[in-house]
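Biologist: I have a new structure open and would like to learn how to read it. Could you take me through some features, one at a time?

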Amino acid sequence: MIMPSAHQWVEGETLVQHFESRGISRREFMEFCGEMAVILGIGSAATPRIAEAFEAAKRPSVIWLQLQECTGCVESVLRTESPTIGDLLLDVISLDYQHTLMAGAGAAVEKAKQAAMSANKGKYLLVVTGSVPLKEDGMYTVIGGRTAKTVLEEAASGAAAILALGACAHWGSVQAARPNPTGAVGVRDVIKNKPILNIAGCPPIGDVVTATVVHYLTFGRLPAVDGEGRPLFAYGKRIHDQCSRRAHFDAGQFVETFDDEGARKGWCLYEVGCKGPATFSPCPIFMWNDRTSWPIGAGHPCLGCTEPHFWDTMTPFYGRLPDVGGFPVEERADTIGLALAIGAAAGVAAHGAATVFTQIRRRRSTNQVPESTSEEESHNG
Amino acid sequence: MAKTKVVVDPITRIEGHLRIEAQSENGKISKAWATSTQFRGIETIMQGRDPRDAWAFVQRICGVCTTVHAVASCRAVEDALDIKIPANANTIRNLVTGMQFIQDHVIHFYHLHALDWVDVVSALSADPAAAAKIGQSISPWPNNGESELRAVQTRLKKFVGTGQLGIFAGGYWGHPAYKLPPEVNLLAVSHYLEALDWQRNVIRLHTVFGGKNPHPNFLVGGMASAINVDSTATINAERIADLAGMIKHAREFVEQVYWPDLVAIAGFYKDWGAIGGGVPNFLACGEFPEADVRDLDKLYFPRGIILDKDLTKVHEYDQKKVEEYIHSSWYEYAGGGETGLHPYKGETTPKYTGPKAPWTYLQDETKYSWMKSPRYEGKAMQVGPLARMLVAYGSGHKDVRELVGEALGKLNVGPGALFSTLGRTAARGIETVLIARKMETWLGELNGRISNGDTATFTKRRWEPSSWPKKAEGYGYTDAPRGALGHWVQIENEKISRYQCVVPSTWNCSPRDAKGQEGPYEASLADNHPLVDPERPLEILRTIHSFDPCMACGVHVLDAQGREVVEVKVQ
């Protein structure tokens, strides 16, 4: 049997390449696979399948398209902590097409993209940032002479799965805000026949993106998602339910204006417009930029940027959320907080109810918002 | 030799979507065309919204220069509503903006621009001991040792050995225009990787004050991050110590890695000090207010204009002299498209008249871009680090004069070399060094005020819309990493009635005007510009990247009727 050696296995090297570098023959490799089959209890008949799996174990190809966007999502991925972007590029994936970082340009990179797509047909992971403008025959975003829609459709056809990274690829984001002058839509509105994961946020936390890629590579499948197509491991909980300032909400301690006494004590930002109670996001847990802080932690209310249509449904950003489930619409949050502080029994009951927002505010005359936007419904759907 | 038509699309290692077409003959470019191929129309979306929300919307114009539109927007609304922000908030904005410049310029140098000058494949054959010797001769940076450089080379060799070149596939490796010895290439590749780690650390300054990066939070009337040295949830001594560490780390990297690398690499490419000069006029609106933003004498980088490369005279910048042309842009004017319109009378009705996709060539089209052509007194203008440094130099700015002199001395070239592709790249480094040194001063000012009991970060005067005048308008400027930027806002009945931005990339990437004058990208590419192999247009990338294009910023303004609404308030 092949024994472990001090010879370092270069990450990114296939196992076969690694064995070759150690002077191990094809015959010895097949013997190794046979032994592995026995150890795994699946019988020696499975040997060729194991060999095939090992032979394919090279850095998986990732094609990254940037469509109608601001490059903020790319920048966010550059900020990842673990794996770092350097490790990701050199050791984990083979990033075969990416505008912001690629050395070549023009025809040379288009050729490299075509080569990678054809060599990894049906296997590559497609990452998309940016929306797809559909008005004016798509002429509002043209890349290499072709419309964003054409470029996306071509790359999607050979992809194993698609990561729609950021609010633009998810649902269109800022350019899709009312009145959506260019007819911007998300990936799911154009591509219907591939698994699509929505990494929500404007931008998403870089670590969520790399964690999703690592999940896909480690477990060989996409993570479980909510009704919005967002991975549960990141978007499974409301900000309000994980917030470090939550105790102040429960105690009825609110910032009334910025830089007031409450602000200087780190109290709850609900009264100055925090959308944490209506937002599913990992910000309080993952935090931002090597866990330095996060928006609420730095004193600004949450904008709700992981929720579809937040530019219309969560604005004005400094306006208080209109109602809380279980309480009359007119009931103010401080009243709720006070109630919780006063009666323990009532507090416990209301505490649960207060976390459930059954309705988010919809901006008048917004035509991008689906009729049914119940947070609970869409989340559990 | 016949004329060759050249197309480079996509231009990579930039923000956004840019297409360059050119004609080349006998190894030189004779003509060039710059096309912005994306349009988003964000300002249309601003109409009817709460002006206090505007910063968040327009911030999303760009996620690379992720603070600049937010700052300009806050300043515009504060100008309209006559809000003076507390000194601490101004200092915090300078710190945030300063770190944006530092991080953005370093990323630009190593990750967007360096591969135009650095041959990664050549680094494989470097002698790490010799590379360390060079590294240690130009800098005390501790990671320039032989073992560190050998480890980088080993990692690179293994990476290349896998046959999966990833982002390095399709590079122009071995191109004759690459001039660096293998050892310098190895040093640069090592710093390329180090800078990736460095940038994510120093940018945390944005996270301390704004909660995240990209797209940190801002606030009309100040900043939302309260100061209380006795609280765990606010800016306190622990946070300030962390900030001081980031600022130190930023300055060390800039002074010991970025700047020495830039000077060392430039030494091998001195000929690029006579290439790609282009448009001879420069505009800077000024940045880093060290008092109220309206006090133009207290800007660390001054405002002004340089004409015809004449550094002996700095002209005043007067917004009345700006006109926009649509001769080559996919828009129409009601009164005909051949005359320029002052922004007061500006209008934009988008009218796409180009060919259906897929495109082959656009250079035979009269109209070929989504950018308009802004002109100052009828002249095209360059904006960006070079414009800022030239205006400061001409104004007698002590720090700028010293460092420009040092750079010219080290490279043994005259001031004429500044007007070039190399000059733009060098100017970016110069201002980064100056800002990195300033950061400590600004943090010191903040600490000093906190010591004296001044912890205010926000003024609630005019926060409530009921306190606003029925009608108001304001102008917010900022000199962003890529150049002069202005936002104009009009407020009516507590809502935005008009919003407009004039951005750096519109000046630099503007297409030809009615007189046939080229924009800065185009003029630079046709100015003594080589192109040895049209199939491998490395030289085009050098000059275009020296501008650090940010195409998403070049969107145009539409009101609800699809007409551009532009107002310029004379300062």
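Biologist: Let me start with the second largest pocket: which helix of chain A and which strand of chain B each supply at least two residues of its lining?

Modeller: Those are helix 6 (106–119) of chain A and strand 1 of chain B. Keep in mind that this is a predicted model.

Biologist: How does one find such a pocket, and what is the volume of this one?

Modeller: The general idea is that rolling a probe the size of a water molecule over the atoms shows where empty space is left. Here the second largest pocket has a volume of about 430 Å³. It is lined by 22 residues, and the closest to its centre are A:G106, A:A107, A:A108, B:V7 and B:E535.

Biologist: I see B:V7 in that list. Which residue stands opposite B:V7 in strand 2 of chain B?

Modeller: That is B:E21. To read strand pairing, look for bridges: strand 1 and strand 2 (residues 18–25) of chain B are joined by five of them, in the antiparallel sense.

Biologist: And in what order do the strands of this open sheet lie?

Modeller: There are three strands in chain B, ordered 1-2-3, with antiparallel pairing. Strand 1 (4–8) and strand 3 (28–36) of chain B each have a single partner strand, so they are the edges, and one side of each lacks a neighbour in the sheet. On average, neighbouring strands are turned by 20° against each other, direction ignored.

Biologist: Which helix packs on the sheet?

Modeller: Helix 15 (residues 538–546) of chain B does, and it touches strand 1, strand 2 and strand 3 of chain B. Its direction makes about 130° with that of strand 2 of chain B.

Biologist: Now a single residue. Is B:T421 buried or exposed?

Modeller: Buried means under 20% relative accessible area. B:T421 has a value of 0%, so it counts as buried. This residue is found in helix 12 (residues 421–451) of chain B. Leaving aside neighbours within four places in sequence, its contacts are B:W117, B:W272, B:I275, B:G276, B:R542, B:T543 and B:S546.

Biologist: Let us zoom out to chain A. How many helices and strands does chain A have?

Modeller: Chain A has 18 helices and nine strands. Of its 381 residues, 62% count as buried. For contacts in chain A with a separation of 6 or more, 71% come from residues 24 or more positions apart.

Notes:
Residues numbered from 1 in each chain as written. Chains lettered and ligands numbered in written order. Predicted model: local features only at pLDDT ≥ 70, side-chain atom pairs only at ≥ 80, totals over all residues. Heavy atoms only, no water. Pairing = 2+ DSSP bridges. Helix = DSSP H or I, 4+ residues; strand = E, 2+ residues; numbered from the N terminus. Axes fitted to C-alpha atoms, helices over the stretch in contact; angles between N-to-C directions. Contact = heavy atoms within 4.5 Å. Buried < 20%, exposed > 50% of the residue type's maximum accessible area, 1.4 Å probe, protein only. 1 Å grid on protein atoms, 1.4 Å probe; cavity = no way out; pocket = protein on both sides within 12 Å on 5 of 7 lines; lining within 4 Å. Points joined across faces, edges and corners; volume = space filled by probe spheres on them.
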